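Hello,

Here is the structure we spoke about passing on. Please look it over before reading the notes below it.

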Amino acid sequence: MDLVANWLGNLPDAAVPFALAALGLIISERAGVLSLGAEGLMLVGALAGIGVQLAVHEPGIALIGSMAAAAAVSVLFAVMVVWLRVNQVIAGLALVFFCQGLTGLLGTLLGWTNQPVTGLDAIALGPLVQLPVVGRLFHQNAVVYLVPFIFAGVVFYLGRSVAGLRLRAVGENPQAADAAGIPVLRTRFLAIVAGSALVGLAGGYIAVISTKLWIAGMTGGRGWIAVGLVIFARWSPWRALAGALLFGGIETLIPQLAAAGIAMPQYFVLMTPYLVTLGVMVWVALAKRGADETPGALGEPFLREERR
Amino acid sequence: MTPTDHSPAPRRFVPLLERRYTLELRQQLGWPQQVAIIAAAIAVGLFISGAILVAAGVSPSDLLDEFIVQTFTDPQNLRAVLFQAAPMVMVGLAAAMAFRARFWNLGLEGQMIFGAIGATFVSLHQIGPPESRLWLMAGASLLGGLAWVVLPLALKMRLGIAEIISSLMLNYVAANFLLHLVYGAWKDPKDSFPYSPKFQPFERLPEVFDGFSSAIVLAAVVALAAWWFVDRSRAGLYLRFIHANQRVADAVGVPVRRLVVASVLISGALAGLGGFMVAAGQEGRLTQAFYSGYGFSGILIAFLARNNPLAASVVAVVVATLFVAGRSLQVFYQIPFSMVQLIQAILVVCVASSDFFIRHRLRAVGSQP
């Protein structure tokens, strides 16, 4: 029982980065831009978050710093893929390595590596904490409680608002959207920057709230897993949230099992998130339920003068 | 950006910002202009990188002298560059082979790891007589790399799963498997460091003419073979067809599936051979992080070389120079090795962006609404 209680208690903390990063990616991919750069933007968010936190000791401001830094770096990517029409795979990969190099360099030069920071205290939600087994679910930091609201906001925006409808139109059929008077390039540009801010928040959360430390390359592939998660979720935010809970659950289950004395070869355990991502993609491909929900123009640049 | 107004009416000057611009697709641009644009992009990239290094505390004179003049004039440094270039050529060719078949093989590092594991397996179990051991190790590395690309390839061909994610995920799996070996069963019992026992002298890539590793000769041979394959063979011609338009190629009877499978398997095998070159050439054993940085370098090399094997070999030497210079920066200036990644990324960004000016032009259409 203790095992389950601990596992449930740690699960949200592990799920938040996956959830926020996937949500950010959904925004830009719904506008038709394939965003492979998540791993890099998360690193930028993580480093900027630690930097701000070391300066002001205010986690809320540090997380805003994470968002701003990732959004700023994503402008480079947006200029490349939206205006200069660079191949989105090449641009995304270049962005990851740009960010890995940049954060590795700055982390060392500025001396932010291995500097512990104070994170956020957990807030108990009144008597709910007293519940057996699930009680620790209601003893989380403020960001965890905020995540459902962020999701609800994005779901409302994408699904119910005129601006969200336009964004999806741009991702489905930019030619038609253009004919309807929607500024395709501007919409895509803003979708990238807004989505990247959420990805940066995911990175900042890992560094400032979870590990309370910056180490080069600390996101360890979580950005790539988020890219896979978006495919799993078929570009639906709620399914992405469910997927994030699944991945967070697996990530936290393993140390719990180890702590409970169940011996497992360490490095095979470390493989599991990646193998699960693969497994989930296979499952999605085999299931193929419902219609193909891939945004129609995902990965395709738009140029009005180009007839197709 | 001069307005090209074809009407006979007298032109009146319109301030630059008040003109309306439209984008036009260019007809084919002549190759001298293309080369000039790419060269300018690389120059811009190098300038930005140099500026970052100077800002990080490297003195500008050292930058020029130590890392450019010294590298190409000092025979010792030149040897180091060529030594480093051999596995670079392999990952560059590996990426180019896969990209020619429109397969985003981002699993080069995992395939390198399994190539090196294959070679080390042959060494540890002393398979075959000493005189043929090195060949067996090379063969095992080809098989190891090939085996590690089979899964993402099969997933793509059978289930349509994006190879971008699957091949990348497998890098992390391979890296952890490598750690499992070098911290576990294959650990050198002599000390507590995470690496395998040293290979025997005859299991190392020998030196040929005056201290140059035979790895570079092997790389040159493979590069020529790859060039023949993509440029001269029928299969290479078909691959170009597939790259241009897979559906049409299929419709006119090109064996698309077989060729895609073949070139992706070759890609994995070449990356595996690159792993063998690092293990049996540079390190002389299986080490825990020998692969890091090669995956992206391979993609960068193939991208900059436009998937041309001979051009890839040249670019690989340049990237190898960057690696060698990066290591001396690390030693002498404590600049982290991630600087090398950063410079590579900046170069890719510049060259990729410059492509825009090759394919399009801005045209001003006057100020009238």
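The notes below cover chain B and then its interface with chain A.

Please keep in mind that this is a predicted model.

Chain B by itself: there are 13 helices and 4 strands in this chain. Along the principal axes, the C-alpha atoms of chain B fill a box of roughly 85 × 60 × 35 Å. The chain has 369 residues, and 50% of them count as buried. Its accessible surface is about 17300 Å², with 65% belonging to carbon and sulfur atoms. Looking at contacts in chain B between residues at least 6 apart in sequence, 75% join residues at least 24 apart.

The interface: chain B contributes 44 residues to the contact and chain A contributes 45. Together the two chains bury about 3900 Å² between them, and carbon and sulfur atoms give 83% of that area. On the chain B side, the residues that lose the most area to chain A are Ile165(B), Met169(B) and Tyr172(B), which together account for 15% of what that side buries.

As for polar links, 2 residue pairs are in polar contact across the interface of chain B and chain A, while the count of salt bridges between the two chains is 0.

Which elements give two or more residues to the side of chain B that touches chain A? They are strand 1 (21–25), helix 5 (130–159), helix 6 (163–182), helix 11 (294–304) and helix 13 (338–359) of chain B. By class, that side of chain B has 34 nonpolar, 9 polar and 1 charged residues.

Regards

Technical notes: Residues are numbered from 1 along each chain as its sequence is written. Chains are lettered from A and ligands numbered from 1 in the order in which they are written. This is a predicted model: local features need pLDDT of at least 70, side-chain atom pairs count only at pLDDT 80 or more; totals for chains, interfaces and linings use all residues. Side-chain values use heavy atoms; hydrogens and water are left out. Contact means heavy atoms within 4.5 Å. Buried area is the accessible area (1.4 Å probe) that two parts lose on being put together, summed over both. A salt bridge is a side-chain nitrogen of Lys or Arg within 4 Å of a carboxyl oxygen of Asp or Glu. A polar contact is a pair of N or O atoms within 3.5 Å; within protein, one must be able to donate a hydrogen and the other to accept it, and residues adjacent in sequence count only if both atoms are side-chain atoms. Ala, Val, Leu, Ile, Met, Phe, Trp, Tyr, Cys and Pro count as nonpolar, Asp, Glu, Lys and Arg as charged, and the others, Gly among them, as polar. Buried means under 20% relative accessible area, exposed over 50%, partly exposed in between (1.4 Å probe, protein chains only). Accessible areas come from the Shrake-Rupley method with a 1.4 Å probe; for residues, only the protein chains shown count as cover.
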